[in-house]
Amino acid sequence: MTTRLTVAQALVRFLSAQYTERDGIRQRLIGATWGIFGHGNVAGIGQALVEYADVMPYLQGRNEQAMVHAAVGYARQSNRLSTHAVTTSIGPGATNLVTGAALATINHLPVLLLPGDIFATRPADPVLQQLEVPYAGDVSVNDSLRPVSRYFDRVTRPEALIPAALQAMRVLTDPVETGAVTLALPQDVQAEAYDWPEDFFAERTWVVRRPGADPTELAEAVTTIRAARRPLLIAGGGVHHSRAEGALAEFAEATGIPVASTQAGKGSLPYDHPQDVGGIGHTGTATADELARTADLVIGVGTRYTDFTTASGTLFANPDVRFLNLNIAAYDGHKLAGSPLIADARSGLEELTEALELHDHRVPDAYRTEYTEDKERWEQRVDAAYAATEPDVRPTQPQVLGALDALADESDIIINAAGSLPGDLHKMWRARSFDQYHLEYGYSCMGYEIPAAIGVKIAAPDRPVWALVGDGTYLMMPTEIVTAVQEGIAIKVLLVQNHGYASIGGLSEETGAERFGTAYRYRAGDGTFSGAPLPVDLAANAESLGMRVLRARTVGELRSALAEARASDLPTCVYIETETADTVSGAPEAQAWWDVPVAETATRPSAVKARELYERHVSTRRRHL
């Protein structure tokens, strides 16, 4: 039997019948479709979403990039088992997807992109918004999505949708391959009718695999761990994606091995777990980074070992250090010339724990005492940074976080991506639940936080969801506030005003660039941006977009505003001005290096001094072979 539908109608019906299943739990793969319509999709996907509104929920966005961020936030909160689709017109709507697609792919988070495309039949050439490439007639602006997509196809004939759609689902549900998937849809093909086999619309369940370890690799891993005297485990985002937090806790408790975490892996153990030693790397804790410098074995679980984690190759200083990498992706399992243990994070940890318990293996008591005492000292530093003894003064950024930390419980979710906040959060935030800490740091994309918070809130409607943003990030993409207001999605935005790019300002100073172009200030008489702060009222901006705004000027007012926002069932913004971008924030300094090359030759003293320090750090880098 066949059913005559347009390509767009068939695609929407197909997507509504796709499911995932893991550990016996089945859920819908494409939970909703975000869309902004133009001539490239309004009569195709737009009409189809009207036709099948009963089976495919629609969400109205204001910015194409932001729609992808919202879908990614939803996917992460859904443990990659469910995501959203995003449809746009051809032209600027499609190219606006590129940043969001890159973010999704870098972070291994699934999202389905459905941009319109130029006419397949070419009735007129060129058409509106067509990119003319003299050497290739089949190139459109959508080809810019190829390098940031895990799968890309252009559906130039109706019947081509069937294999393309199935391949798209395969990639979205593959824990190794997942990321952005793009199906470019020529606008004439979207509206073309075809006789579709009914089986194309039958419910399909895509089982998300949990592969176990190869017996030989497992045996070698056990031998390696038993031989180590100072092992350190690094928990990456793969622990969360696998829902391996419980297995990690059992492994850590059985062996006594301390657990540090990347930005994506923070919260794998709650902050008060005896084996949790906090964030690692450039934005890590002193406890974790000192353990890393002396570790003779580093066990990476679900981590990509980015430069922030490895301190650009300078952190793991023990000349005898070895690496054991438990990862579902062989590509990551072989990094740092480590011994690979290719498996699902939960399956692999369970197998390791069982094997090590047969040998009653535990780290020496002296090692446990050492990292426990070091952790206590670090927590005292965090307490000092959070403390605000004078409630009537303007807070520092750590004191802002301290006020939120004192209010939050295990149900709260905090979202951040860029600026100076990620460093402070990684070092100091006390994660109370496995999914409380939502940091997008694979791409560290300014503007991610507010739309991602909407996606997270859709996935977790009964939980307080906080988007933590500085003024620089807020100005990048506040538009989805309108969506939150329209849909009654009660996100909480904590807007920190520090008059510029605080993070890059500090980095600029360290690298001899003298904070050039990083402050939001008037020009002074010498032409530099060193005059008075700009009279920008971001709270008024958020209010003009429909959000409820609570202004706080002091520590005491901040505490009250946060509590009021947390209890609100409306989208609410708490606005607080902290110290300016060129003032020390009060957070502990970086505990490890990060490689940002400094000018090799310069006449300005700041750059000369910065280069000398840079060369000292570079000399400590090593390649692990």
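A residue is called buried when its relative accessible area is under 20%, exposed when that area is over 50%, and partly exposed in between (1.4 Å probe, protein chains only). Trp196, with a relative accessible area of 0%, is therefore buried. The structure is a predicted model, in which local features need pLDDT of at least 70 and side-chain atom pairs count only at pLDDT 80 or more, while totals for chains, interfaces and linings use all residues. Residues are numbered from 1 along each chain as its sequence is written, and side-chain values use heavy atoms, with hydrogens and water left out.

**Aromatic residues**

- The whole structure contains 12 aromatic pairs; rings of Phe, Tyr and Trp (its six-membered ring) pair if their centres lie within 6.5 Å, and planes under 30 degrees apart count as stacked, over 60 as edge-to-face and the rest as tilted.
- Tyr194 and Trp196 form an edge-to-face pair, because their ring centres are 4.8 Å apart and their planes are at 70 degrees.
- Trp196 and Phe200 form a stacked pair, because their ring centres are 5.7 Å apart and their planes are at 20 degrees.
- Trp196 and Phe200 are both buried, whereas Tyr194 is partly exposed at 27% relative accessible area.
- One aromatic cluster is formed by Phe14, Tyr194, Trp196, Phe200 and Phe201.

**Helix 5**

- The buried residues are Leu97, Gly100, Ala101, Ala102, Leu103, Ala104 and Thr105.
- These buried residues pack against helix 3, strand 6, helix 4, strand 7 and strand 9.
- Just after helix 5, His108 has a positive phi of about 55 degrees.

**His438**

- His438 lies in strand 19, residues 437–439, and is buried with a relative accessible area of 1%.
- The side chains of His438 and Tyr448 make a polar contact at 2.8 Å; such a contact is a pair of N or O atoms within 3.5 Å, where within protein one must be able to donate a hydrogen and the other to accept it, and residues adjacent in sequence count only if both atoms are side-chain atoms.
- Leaving aside residues up to four places away in sequence, the residues that His438 touches include Gly73, Arg76, Ile413 and Val456, where contact means heavy atoms within 4.5 Å.

**Tyr58**

- Tyr58 is located in strand 5, residues 58–60.
- Tyr58 counts as partly exposed, at 32% relative accessibility.

Conventions: Helix = DSSP H or I, 4+ residues; strand = E, 2+ residues; numbered from the N terminus.
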